[in-house]
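Open the model in your viewer and keep the selection panel at hand.

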Amino acid sequence: MASNNNALVLGASGGIGGEVARQLRDAGWQVRALKRGAARPVERKDGITWLSGDAMNRQDVLEAAQGCAVIVHAVNPPGYRQWSELVLPMLDNTIAAAIAQGATIVFPGTVYNYGPDALPVLTENSPQHPVTRKGAIRVEMERHLLDASRGGARVLIVRAGDFFGPKTGNSWFSQGLVKPTKPIRTVSYPGGRGIGHQWSYLPDVARTMVELLARRERLDAFASFHMAGHWDADGTQMSAAIRRVMGRHTGSEPRVVAFPWWLLTLLSPFVATFREMREMRYLWRTPVQMDNAKLYAVLGYEPHTPWDEAVEATLLGMGGLPHAKPSPLAA
């Protein structure tokens with residue numbers, strides 16, 4: 001297993017990839033990031049070395065990963081187009097590079113792997129019987145990673161609930177609950193009252209990954225951990241936090257309204273994103289809670305930012321608060 005402090009981040013211009021890259025840098029890692037269109041041969045910015053290359057090009061990934069002990073795989077196809085056709089080849093490029101370097105792959109997991117039979121409480125050993133197309137692909141990606149851990153690479157999966165944070169792009173928070181860059185007058189909540197839901201603040205997720213990497217020599221070759229994140233036990237706490245933050249900043253609290261699932265149903269034949277959102281409705285109809293006992297056993301704690309602080313940072317990053325400019329990744 002490679003033991004240097006060089007890390008390659010694929011997807012560093014995105015939400016979770018960017019957060020992990022910054023926190024690795026702050027923890028003393030030498031961070032490289034692969035980006036289409038980056039200056040050649042390298043561009044040094046904010047303590048991160050940006051390399052020009054494409055995660056869909058195996059040679060680019062192999063070259064960028066030279067001498068790296070860690071590869072963070074947080075990349076998606078441009079604009080999420082052809083997701084089902086491209087994500088596995090991209091992951092296989094990362095796996096090839098990790099095997100060549102004896103590196104640890106860090107992979108952000110999702111709850112899409114699980115069908116209703118595994119709910120409401122998810123552990124690392126819960127059965128993965130997905131009921132959606134994206135969930136099935138996610139399961140297949142983790143099968144590839146398991147095979148990689150038997151072939152010379154190491155794997156660290158950190159699974160969390162729905163992301164929110166100051167630089168989160170595509171998310172239920174920014175595409176469902178509130179609208180980026182617009183005055184927030186309503187909170188459109190997808191779940192029902194009394195239905196618990198799991199949220200995860202991006203900086204907490206990234207911190208958890210960095211803390212686990214510091215202990216990676218003690219972990220299994222294929223290690224998976226669940227985060228408890230921000231557990232909204234009755235489906236009201238996230239909306240209440242948004243209302244409190246908005247009230248402090250504007251003197252007016254937005255109304256909470258039901259998410260227009262009927263509109264997604266109507267438009268889903270024409271909009272791919274709406275089809276995928278509609279497929280995930282079962283995760284809003286049943287409580288989804290993650291058990292972090294295994295994470296606690298290793299770290300002794302879980303990084304956790306209080307509700308209001310996390311929501312305020314998220315809204316500031318989206319441009320949803322007065323005089324706040326949106327993050328480039330929030331649109």
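The structure holds 2 cavities of 30 Å³ or more; a cavity is a set of points on a 1 Å grid over the protein atoms alone where a 1.4 Å probe fits but cannot get out, and lining residues have an atom within 4 Å of a point. Volume is the space filled by probe spheres set on the points, which are joined across faces, edges and corners. This is a predicted model: local features need pLDDT of at least 70 and side-chain atom pairs pLDDT 80 or more, while totals for chains, interfaces and linings use all residues. Residues are numbered from 1 along each chain as its sequence is written, and side-chain values use heavy atoms, with hydrogens and water left out.

Select V111, Y112, G161, D162, H197, Q198, L283 and V288: they line the largest cavity, whose volume is about 50 Å³.

Next, select T104, R154, V155, L156, R216, L219, D220 and A221, the lining of the second largest cavity. Its volume is about 40 Å³. Which strand gives the largest share of this lining? Strand β8 (residues 154-159) does, with 3 residues.

Now show the whole chain. Its C-alpha trace spans about 55 × 45 × 45 Å along the principal axes. Of the 331 residues, 54% count as buried, meaning under 20% relative accessible area (1.4 Å probe, protein chains only). Among contacts (heavy atoms within 4.5 Å) between residues at least 6 apart in sequence, 74% join residues at least 24 apart.

Notes. 1 Å grid on protein atoms, 1.4 Å probe; cavity = no way out; pocket = protein on both sides within 12 Å on 5 of 7 lines; lining within 4 Å. Helix = DSSP H or I, 4+ residues; strand = E, 2+ residues; numbered from the N terminus. Buried < 20%, exposed > 50% of the residue type's maximum accessible area, 1.4 Å probe, protein only.
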